[in-house]
Amino acid sequence: VVRAIAREDFSAWLRLWNGYLAFYRTELDEEMSRSTFERTLDPQCSMHCLGAYSRDDDRLLGFAVFTLSPMSFATGPVCYLEDLFVEEAARGQGIGRQLILELKKRAIAEGWGRLYWITEKGNTTARALYDQVGYVTDYVQYRVKLADGK
């Protein structure tokens, strides 16, 4: 079952979030993680989170954090799927696909101009799914180093 994350999901979300951070060899303190979670609940914030829950016991198995923003080439907002993660024990059951397809359904229903994401080139497991539900573009991502080195 895919639905918006709720405040009472914080502990379960944090467990998955920490798994996501470990996968990408990233560390954040709990205050930053809590801030990310809280922003997904704030109706004034453009960041949102969907959770994928077990039908059997309503346990959180995966999440999709996404942002909606205006775009100069579209009248509706564009959706950037920022973070997608499924707990290791639940992988291979179509949960990542369900999260993406729920975003696609919302995009069509709400007139979003685009749904897109990036991933590491070597993330072959995720890319096998992404190649089925989306397509690779010719665009290259650039970044400018800021004060924190990122």
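In the predicted model, helix α3 (residues 95-110) lies across β1, β2, β3, β4 and β5, running at about 170 degrees to β4, where contact means heavy atoms within 4.5 Å and helices (H or I, at least four residues) and strands (E, at least two) are DSSP runs numbered from the N terminus. Axes are lines fitted to C-alpha atoms, for helices over the stretch in contact, and angles run from 0 to 180 degrees between N-to-C directions. Helix α1 (residues 10-23) lies across β2 (47-53), β3 and β4, at about 80 degrees to β3.

The five strands form an open sheet in the order β1-β2-β3-β4-β5, with mixed pairing, two strands being paired if DSSP finds at least two bridges between them. Because β1 (2-4) and β5 (114-116) stand at the edges with a single partner strand each, one side of each is left without a neighbour in the sheet. Strand β3 (residues 60-71) pairs with strand β4 (residues 74-86) in the antiparallel sense over nine bridges, and Phe-66 has Leu-81 in β4 as its bridge partner.

Helix α3 also packs against helix α4 (residues 124-133), at an angle of about 40 degrees and with the axes 10 Å apart. The arrangement of α3 to α4 is therefore oblique, a class left for angles that are not under 35 degrees (roughly parallel), over 145 (roughly antiparallel) or 65 to 115 (roughly perpendicular). The contact is made by Gly-96, Arg-97 and Ile-100 of α3 and by Leu-129, Tyr-130, Gln-132 and Val-133 of α4.

Residues are numbered from 1 along each chain as its sequence is written, and side-chain values use heavy atoms, with hydrogens and water left out. Local features need pLDDT of at least 70 and side-chain atom pairs count only at pLDDT 80 or more, whereas totals for chains, interfaces and linings use all residues.
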